[in-house]
Amino acid sequence: MSTSTRNKGARANSNFVFQIDGQFDGSYVRKVSGGNVKRETVKHAMGPSLIVPKGLGGKRKYQPITFECAVSMGRGLMEWVNQAFRAEPSYHDGVLYEADQTLRTVRELKFYRAMITEVTIPAFDGDGKDHCYLTIKIQPEWCEYVEHGSPQNIMAVKEGAAKARNFPASNFELDIDGMGGDFNQVTKLDSFTWKATVKEDSISNDDVCGWVMCGFDIPDFKITFNPALNKYFDDWSESFIIRGVADEAAHRAATLTFKDMKGSELSALKFSRMGICGSPDGSFEAGSQNLSRKTCDLYSSDMQFELASGSFDNA
């Protein structure tokens, strides 16, 4: 098979535009996958033959759609995510438009009655140079790909989405209550994934499998900090973990702020009921010139995104 035949239909440098419930969203989307359909196979035993024919059975199950987007989401997507974080799952219809280098639409991924099932917060590193993206997974009830015979130009929408600027992994600040303004001393936050537990909708009579949310989990996450915060985290872990003073009043609020290359705030992730579950830990080496940074483990029961004033708003 020739290279030209194998690559037929492949598109380089695709651009994506997001639409939710008929409204274009300002979220910058970088990568999209999923949305295919599957159906379980069943065996049909027929007489004494050792050859058992197979066939299709059960309902159609559309696979999750996963996409990466900038942390400065449009308001529509941000509110959809926050509803999931509040255990208020909502179902939305939408379209992910794929455009070529000339910003002419070449394909659409349409999804129906979709709910958010996973949101991955990327790793942040004060020494990092890569750009960061949220990874969001949605579970549609059904979806379809539509190829465009006569592409439409989406230049205006793309220009609006471009306002949802990317930001490098180093441009973040984590401020926890009582830290005293030393939030720049937190140098790293490891990636973690909010994940919903979903199950099939048993009362659905359609040929398509429906889904309902029955819980969610925010995993513990690890941060790395400079020596300037040693006393802060030592005192907190001494009280919270060792002495067991871990009531409601002992939990703390925190804000993870995302900034662009110029230092302007893009958006923020607000944590409530944050606790410390792992005392500070670090490794030290005699004669080393490296900073003696430590790590500790934190948890939170709730989090919500907020747009910064002046950020792109598609409302």
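**A helix, a histidine and a run of paired strands**

In helix H2, the buried residues are Leu77, Met78, Trp80, Val81, Asn82, Gln83, Ala84 and Phe85, where buried means under 20% relative accessible area, exposed means over 50%, and partly exposed lies in between (1.4 Å probe, protein chains only). Helix H2 covers residues 75-85, and because eight of its eleven residues are buried, the helix is largely enclosed by the rest of the structure. Just after H2, Ala87 adopts a positive phi of about 60 degrees.

The model is a predicted one, in which local features need pLDDT of at least 70 and side-chain atom pairs count only at pLDDT 80 or more, while totals for chains, interfaces and linings use all residues. Residues are numbered from 1 along each chain as its sequence is written, and side-chain values use heavy atoms, with hydrogens and water left out.

Seen as a whole, the protein chain contains four helices and 20 strands, these being DSSP runs numbered from the N terminus (helices are H or I with at least four residues, strands are E with at least two). Of the 315 residues in the protein chain, 43% are buried. If one takes the contacts (heavy atoms within 4.5 Å) between residues at least 6 apart in sequence, 71% join residues at least 24 apart. The chain exposes about 16,200 Å², of which carbon and sulfur atoms supply 48%; accessible areas come from the Shrake-Rupley method with a 1.4 Å probe, and for residues only the protein chains shown count as cover.

His92 lies in strand E8, which spans residues 92-99, and with a relative accessible area of 16% His92 is buried. Leaving aside neighbours within four places in sequence, His92 is in contact with Trp80 and Gln83, and also with Ile20, Asp21, Phe111, Tyr112, Arg113 and Ala114. With Asp21 there is also a polar contact between the two side chains, at 2.5 Å; such a contact is a pair of N or O atoms within 3.5 Å, where within protein one must be able to donate a hydrogen and the other to accept it, and residues adjacent in sequence count only if both atoms are side-chain atoms.

Thr257 stands opposite Ala268 of E19. The two strands E18 and E19 form a hairpin with five residues between them, and in the turn Gly263 has a positive phi of about 90 degrees. E19 also pairs with strand E20 (residues 294-307), again in the antiparallel sense, over eleven bridges, and Lys270 has Gln304 in E20 as its bridge partner.

Notes. Pairing = 2+ DSSP bridges.
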